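Subject: Structure handover

Hello,

Here is the structure you are taking over. Please open it next to this email and follow along.

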Amino acid sequence: MNKDVYVIGHKNPDTDSIASAIAYSKLKNQTGHHNYIAARCGNVSSETQYVLERFHQKEPKFVGDVRTQVRDMDMRKIPGVAEEMSLRDAWSTMKENKVVSLCITEDTYLKGLITTGDLVDSYMGSYDAYTLSQAKTTYTNIVDTLDGTLIVGDISDSQIEGKVLIGAGTPDILEEYIRPHDIVILGDRYETQLCAIEMKADCIIICAGSKITQTIQTIAREKNCKIISTPHDTFTVARLLYQSLPIRYFMRTKDLITFKPDDYIEDIHPIMASTRHRYFPVVDSSGKYLGMVSRRNFLAATKKQIVLVDHNEKSQAVNGMETADILEIIDHHRLGTVATAKPVYFRNQPLGSTCTIIYLMYKEAGVEIEPDIAGIMLSAIISDTLLYRSPTCTPIDVEAGAALAAIAGVNEEELAKSMFTAGSNLGDKTADEIIHQDFKKFSVGNINVGIGQISSMDSNELSHIKDTIQTELETSAKKDGLDLIFFMLTNILKESSEVVFYGTKAEIALETGFGVTSKDHQSVYLPGVVSRKKQMLPTIINTLNQ
């Protein structure tokens, strides 16, 4: 069976991150051997939402954590059993399925659990002669366990009163012991059979397949006494009879240890290790029973498989990335901190957009690009290169953009204007949402840095955004555990950025790195600076390292 592989971009995904996941999963599904699923680990921005809607694409599946879960284990799909199942049938079911636990269900909902240990305890425990009635054992169980046949009576009844008695002795002796509602185990003697019926026994069990006369049967019907015929001898019947007890009488219903498919195995491992059980029920959020997992399943759990696009830094990656099986990395940024347990396919090119790399990979594979896929890839290139104005843009990006525009049947200038207008229309966004719409975290030595960016063709709109977010930067920095935070307000037409900041060394880093002076100790104006990747980040890193 082909495995699911998530193609996923970075946290706080931008248009390039989302478009890369969609486009590359499409390519891989035509050329690969797995089921590639486009995924995201953050909310899409207004700009990206516009692009997806314009080119008829659904948002990639949200995957917030790629740690191994219970659903990634080899779950035993052993059906739940009814609480009226006999001990003997429970034992047989366990042997047949090679398990030591059974889950008792009602209408597929988990009701209880029974183990081989419980069965042994039930069989070796001390019982009195009233246990069958105390457990309200059904005659269906009794007849089935004794491999018998109900000659007289209703098999749907249950034994709710009386004791079990072996009818050894003369009628005179039996009359002293038999009480109404008892179950009496007998042989072929007519007079003892008649005595038990006359003493108002609820049931007589005739052993060794002995003959039961029509007279006895007639009297039994009149006295409402059941007759069971069994091929087993008296000793075997006495031994087997308690195996007809329902598991309901012994099952555990309180403090059951259950897991859900979404539970992470690193969280459940201590629970497994601290209990003596070998199998654990898995239920959904409503309590419906799904199957069982064991310690062995835990050891053999399959890691989630992922492909990283548009990033290769651990701080930007989906949660749990270090526990997943990374198959590929496709990126256009600096080399970061992602480490892999084994060699992977890694393609990193100094281009303006990851979608430009993926465009080249489509060409290399000889796979035709669908018009709508070409549209989102073009949008990603326009977004990351600010319509080819960014210093990160290369002739290859321009060539790829033109080719994709032709396939998608769109005008690049018109698409850019519509995208950037949608992206900067943030009237319904909170300050925190605006800051984190296109936001990345970096580590420079022991200093944690965050850089956000928003681009627009409207100076007034950027000024309004600045007023909205400026007072929120300190709160965001503390919430994200950042020492420094920068937010770039990029004017596409003027090819410049105003950068607002927070942090002890933030102002010094900007003034030293870019040779400018802050007028209000809150922001700096950087003409010609529009790229976070190629201009802003390298300058901040170099300055902090000095």
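Let us start with one residue. At 25% relative accessibility, Glu-511 is classed as partly exposed, because that class runs between the 20% limit for buried and the 50% limit for exposed. Glu-511 belongs to helix 20, which covers residues 506–514. Now find Val-524. Glu-511 and Val-524 are 13 residues apart along the chain, and their C-alpha atoms are separated by 8.0 Å. Keep in mind throughout that this is a predicted model.

- Strand 1 (residues 4–8) pairs with strand 2 (residues 35–40) in the parallel sense, over five bridges. Val-5 stands opposite Tyr-36 of strand 2.
- Strand 15 (residues 305–309) runs parallel to strand 16, and five bridges join them. Val-309 has Ile-330 in strand 16 as its bridge partner.
- Strand 16 also pairs with strand 17 (residues 345–348), in the parallel sense, over four bridges. Ile-329 faces Phe-346 in strand 17.

Is strand 16 (residues 325–331) mostly covered or mostly open? It is mostly covered: seven of its seven residues are buried.

**The largest pocket**

Now turn to the largest pocket. Its volume is about 500 Å³. The lining is made up of 35 residues. Asp-14, Asp-384, Asp-438, Gln-453 and Arg-532 lie nearest the centre of the pocket. By class, the lining holds eight nonpolar, 16 polar and eleven charged residues.

Which elements each supply at least two lining residues? Three are helices: helix 14 (371–385), helix 16 (412–424) and helix 21 (532–545). The others are strand 18 (439–444) and strand 19 (447–456). Helix 21 gives the most to the lining, with five residues.

**Aromatic rings**

The structure holds two aromatic pairs. In one, the ring centres of Tyr-249 and Phe-250 are 5.1 Å apart. Their planes meet at 90°, so this pair is edge-to-face; the cut-off for that label is over 60 degrees. Tyr-249 is partly exposed, at 34% relative accessibility. Phe-250 is buried, with a relative accessible area of 16%.

The other pair is Phe-259 with Phe-280. Their ring centres are 5.4 Å apart and their planes lie at 40°, so the pair is tilted. Phe-259 sits in the loop between helix 10 (234–241) and helix 11 (265–273), while Phe-280 is in strand 13 (residues 279–283). The pair therefore ties together parts that are 21 residues apart in sequence. Phe-259 is buried, with a relative accessible area of 2%. Phe-280 is buried too, at 0%.

One more ring deserves a look. Arg-67 lies over the face of Tyr-264, at 3.8 Å from the ring centre.

Best wishes

Technical notes: Residues are numbered from 1 along each chain as its sequence is written. This is a predicted model: local features need pLDDT of at least 70, side-chain atom pairs count only at pLDDT 80 or more; totals for chains, interfaces and linings use all residues. Side-chain values use heavy atoms; hydrogens and water are left out. Buried means under 20% relative accessible area, exposed over 50%, partly exposed in between (1.4 Å probe, protein chains only). Two strands pair if DSSP finds at least two bridges between them. On a 1 Å grid over the protein atoms alone, a cavity is a set of points where a 1.4 Å probe fits but cannot get out, and a pocket is an open set with protein on both sides within 12 Å along at least five of seven lines; lining residues have an atom within 4 Å of a point. Grid points are joined across faces, edges and corners, and a volume is the space filled by probe spheres set on the points. Ala, Val, Leu, Ile, Met, Phe, Trp, Tyr, Cys and Pro count as nonpolar, Asp, Glu, Lys and Arg as charged, and the others, Gly among them, as polar. Rings of Phe, Tyr and Trp (its six-membered ring) pair if their centres lie within 6.5 Å; planes under 30 degrees apart count as stacked, over 60 as edge-to-face and the rest as tilted. A charge sits over a ring if NZ of Lys or CZ of Arg is within 6 Å of the ring centre and within 35 degrees of the ring normal.
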